[in-house]
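Please look at the sequence and the model first.

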Amino acid sequence: MSTPILVAVAWPYASGSRHLGHLAGAYLPADVFARYQRLAGNDVLMVSGSDVHGTPITVRAEEEGVTAQDIVDRYHGEIVRQWDELGISWDLYTTTGTENHARVTQEMFLEQLRRGHIDRRVSKQLYDPEAERFLPDRYVEGTCPHCGYGEARGDQCDNCGRTLDATDLIDPRSKLSGSTPELRETEHFYYRYSDFNERLAEWLDTREGWRPHVLNFAKSWTTEGLHDRAITRDIEWGIDLPVDDLGPGKRIYVWYDAVIGYLSASKEWAAGTGDPEAWRRWWEGDDARSYYFVGKDNIPFHCLFWPAQLMGAGDLNLPTDVPANQYVTFKGGKASASRGVGLTIEQALDRFEPDAIRFALAAAFPEHADTEVSEDEIARRINEELVATWGNLVNRVLSMVNKNCEGQVPDPGELLGADRAVLDEVDEALRSAAAQLEAVELKAGLRTALAAAQAVNGYLSETEPWKVLKVDEQRGRTILHTALSAVNGVRVLFAPYLPFSTARLAEVLGPIERWERSPIATGAPIPKPTPLFGKVDLDA
């Protein structure tokens with residue numbers, strides 16, 4: 001029986017161009033994992049979308065003198081195009097601006113309100129007297145009270161990763177006017193996250209196989225105790241409240257509604273299939289598993305806040321795993337779209353082939369530590385690993401078969417020890433990589449694929465079919481058949497990482513239907529190959 005696998009991927013703000021840190025941190029790992037799970041025979045539902053309510057959008061709109069919708073339209077279109085160019089295999093990529101998302105968010109709000117997990121409170125929030133308006137968190141910057149970082153935002157410190165309230169900041173300043181905001185009273189709805197502190201702590205204690213930095217970070221929050229947080233704001237851009245208790249000028253705040261997107265997108269996908277209830281298999285099924293792919297700055301939201309919201313709304317599945325990655329750094333600094341640090345996805349697509357980008361980033365996934373990425377390192381990995389090890393192997397084997405076997409898969413003779421050994425090594429690599437990918441150790445899975453390709457290269461160097469063919473044609477053809485069979489297995493290992501070149505190989509060797517080395521049909525045509533990948537010359 002196939003297992004329902006929900007692959008839930010962080011929702012990028014449609015506020016600017018995304019960079020390689022975003023791609024390596026969440027989107028590419030999710031796609032690699034989803035592609036493997038499909039080959040393993042499981043039912044994958046991979047969803048995400050553009051977050052159109054984030055305050056970075058309204059900040060940018062005010063800076064440019066345009067509407068928030070103008071910003072959303074510009075960058076959502078760019079993001080969708082890039083996902084397509086990179087081969088990200090969504091089942092649905094949507095936005096938080098749909099009527100469906102608003103309805104699902106409002107339904108969750110009302111259910112949590114009915115259960116007593118949402119209440120009204122008067123609090124003091126920062127107000128810009130010059131702009132004459134309350135300031136959402138992202139409209140405030142200042143010094144982090146925890147680590148002293150001077151450029152902390154009102155919702156989070158990028159330096160230490162702590163989630164903040166704008167009122168926590170030392171020496172706060174308004175991004176609208178630059179003035180020092182003042183505290184004024186306002187009334188908002190609060191989610192009672194403290195109601196779930198004990199349940200979350202117990203649940204976290206049952207998590208097995210999670211990355212240590214994720215689990216330890218989440219547990220430290222429950223040790224300190226979760227605080228209730230306001231989930232509405234004095235803003236005009238956002239989802240309408242389904243109740244009018246607070247009067248005009250209030251909206252549901254982005255970091256409450258954005259995580260609900262995983263559920264709303266699943267329901268939108270189900271409606272599109274003609275079976276509006278199909279989402280339940282992934283959200284209510286006892287056998288279902290859910291994986292949330294995010295960066296480490298989103299650990300609290302996905303290990304604590306979102307599970308608390310799910311607990312408060314009823315009997316919906318909690319995350320099976322949150323394999324949050326660490327940061328990608330560029331020249332020692334954390335990649336940041338808002339601060340212009342790091343290579344954008346668009347810049348990378350201008351310089352490198354999509355599969356080459358995917359390979360180089362997957363080889364450097366920041367799964368357990370921050371990882372430095374540079375154009376030089378990307379080029380080195382492409383030339384010395386992707387092209388030299390895998391690309392050249394494929395071209396070498398297909399060329400020899402085409403030239404020496406009448407352009408078709410040869411009939412093999414009896415396999416010798418070396419032949420059986422290389423095929424056994426490829427089969428073992430498939431078993432090892434399956435375990436690594438199941439554990440979301442994706443970088444290790446790629447290393448296993450490379451090692452398998454190197455083993456086949458070693459087999460060719462050892463058996464020297466170009467020499468054997470001159471003295472024993474049948475033995476030479478057997479070696480080439482074995483090498484082709486090995487390549488047929490190794491391409492499965494690379495398939496989750498390299499969709500475009502995998503599709504090209506499928507035109508020659510047939511489609512990959514499952515996670516195994518399948519037999520190759522004797523007599524099948526093998527045309528003269530063209531290189532799968534081109535070498536990179538950054539100077540050119």
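## The second largest pocket

Helix α2 provides the largest share of the lining of the second largest pocket, 3 residues. The model is predicted, and the pocket described here was computed from it. In total, 13 residues line this pocket, and those nearest its centre are R133, D234, I235, E236 and W237. Two elements give two or more residues to the lining: α2 (55-64) and β5 (133-134). The space in the second largest pocket is about 310 Å³.

Buried here means under 20% relative accessible area.

Strand β1 (residues 4-9) runs parallel to β2, and 5 bridges join the two. Within this pairing, A8 has V47 in β2 as its bridge partner.

## The nonpolar cores

Which residues touch the most other members of the largest nonpolar core? They are W283 and W390, in a core of 158 residues.

With its neighbours within four places in sequence left aside, W283 is in contact with L6, Y262, L263, S266, Y292, W306, L310, L316 and N317. One of these contacts, L6, falls within strand β1, which covers residues 4-9. There is also a second, separate core of 11 residues, and L135, Y139, V140 and C157 are among them.

## A three-stranded open sheet

Another part of the model holds an open sheet of 3 strands, in the order β7-β6-β8, with antiparallel pairing. Its edge strands, β7 (152-153) and β8 (170-174), each pair on one side only.

Strand β6 (residues 140-143) is joined to β8 by 3 bridges, and the two run antiparallel. T143 has I170 in β8 as its bridge partner. V140, a member of the second core, lies in β6, which covers residues 140-143.

Methods. Residues are numbered from 1 along each chain as its sequence is written. This is a predicted model: local features need pLDDT of at least 70, side-chain atom pairs count only at pLDDT 80 or more; totals for chains, interfaces and linings use all residues. Side-chain values use heavy atoms; hydrogens and water are left out. Two strands pair if DSSP finds at least two bridges between them. Helices (H or I, at least four residues) and strands (E, at least two) are DSSP runs, numbered from the N terminus. A nonpolar core is a set of buried Ala, Val, Leu, Ile, Met, Phe, Trp, Tyr and Cys residues joined through side-chain atoms within 4.5 Å. Buried means under 20% relative accessible area, exposed over 50%, partly exposed in between (1.4 Å probe, protein chains only). Contact means heavy atoms within 4.5 Å. On a 1 Å grid over the protein atoms alone, a cavity is a set of points where a 1.4 Å probe fits but cannot get out, and a pocket is an open set with protein on both sides within 12 Å along at least five of seven lines; lining residues have an atom within 4 Å of a point. Grid points are joined across faces, edges and corners, and a volume is the space filled by probe spheres set on the points.
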